[in-house]
Amino acid sequence: MTNTQLTLVQIDNYGPWTVTPEPRREMDLQTLQSRLFADIAQFVGYRGGYAFFTRFDNMVAVTNGLDADDHRLLQESMGNRYPVTVSLGIGVDTNPAVALEEATEGLQRAGSAQDGDRREVLVGTPISDGSDDVSIAHFDVNDATEKYTDRLNEFDSFIQIEQGYAALMRYLREEYGGLSFFVGGDNIIAVTPGLGTDAYRDAIDHVEETVGVDLKVGVGRGVTAHEAGMAAKHALEECRHRGTAVELDDSAAEIVGE
């Protein structure tokens, strides 16, 4: 079965730090945030995980395969390189949204995100044997270049893509507990419970009917997010090859009996 391990990465006391001793230059803050995310993504990615920036002061990582020592090393590495520290909450559940809630509640019990005394907290218990699978769905907008990039100015193209993302993000979260993340261009990656083809078709239909954005999706399953994500990429290529809206790789189809 799928069992998602999620890690909430939260910068400690970041809000007060940005205005102490006086407000800092905005581009300096943007640079710090982007570099911090890049280093976290590289650290997690090297170990088979995925990281997503969400609001930058809070980031979400799919960390199946990473143990407590990996998390402590991440904290140490970031603390040595940046003027801020990070606290980490780990949650595990078959439902990704529940896993994130577990991770979030663990950090909230340890203190506020703006608590000056909270530093490098690590809470939660990783999957012990690393045998459970995670499910990754890779969504792509159909004909985005032709419909948007080559016809509209960049901001209007961005609005169209973001509307599709917002509709999908809310639908998967509310209907199935799936968590979706925009990853650039016209691509959205979602970590999901074990869903079948019909569930993904319903999600795509909802986005089309709600905001007029046409999607396709490839779905993969694996011991790590990287393994599942590569399977999802190959399944997405099958969508392009066959002209289909939904393709599940063999392992993802097996878990739902398709």
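**A close look at strand β3**

Mentor: Start with the pairing: strand β1 (residues 4-11) and β3 run antiparallel and are joined by five bridges. Strands here are DSSP runs of E with at least two residues, helices are runs of H or I with at least four residues, and both are numbered from the N terminus. Two strands count as paired if DSSP finds at least two bridges between them. One point of contact to look up is Thr7, whose bridge partner in β3 is Ala61.

A word on the model itself. It is predicted, so local features need pLDDT of at least 70 and side-chain atom pairs count only at pLDDT 80 or more, while totals for chains, interfaces and linings use all residues. Residues are numbered from 1 along each chain as its sequence is written, and side-chain values use heavy atoms, with hydrogens and water left out.

Now the other neighbour. Strand β2 (residues 50-52) pairs with β3 over three bridges, in the antiparallel sense. Ala51 has Ala61 as its bridge partner in β3. Phe52 stands opposite Val60 in β3.

Strands of a sheet pair through backbone hydrogen bonds, either parallel or antiparallel. The sheet here is open, has five strands in the order β2-β3-β1-β4-β5, and shows mixed pairing. β2 and β5 (122-123) stand at the edges with a single partner strand each, so one side of each is left without a neighbour in the sheet.

Next, burial. Buried means under 20% relative accessible area, exposed means over 50%, and partly exposed lies in between (1.4 Å probe, protein chains only). Strand β3 covers residues 58-62, and five of the five are buried, so the strand is largely enclosed by the rest of the structure. In a regular strand the side chains alternate between the two faces of the sheet. In β3 both faces are covered: Asn58, Val60 and Val62 are buried on one side, and Met59 and Ala61 are buried on the other. For the protein chain of 258 residues, 50% count as buried.

Phe56 lies in the loop between β2 and β3. Phe56 also has a positive phi, about 70°, although it is not a glycine. Its relative accessible area is 22%, so Phe56 is partly exposed.

Glu120 lies in the loop between α4 and β5. Glu120 is another non-glycine residue with a positive phi, about 50°. With a relative accessible area of 34%, Glu120 is partly exposed. Asp117 is placed in the loop between α4 (96-110) and β5. Asp117 is exposed, at a relative accessible area of 74%. Asp117 and Asn13 are 104 residues apart in sequence, yet 8.4 Å apart in space, C-alpha to C-alpha.

Last, step back to the chain. The protein chain has nine helices and 10 strands. Contact means heavy atoms within 4.5 Å. Among contacts between residues at least 6 apart in sequence, 70% join residues at least 24 apart. Along its principal axes, the C-alpha trace spans about 55 × 45 × 30 Å.
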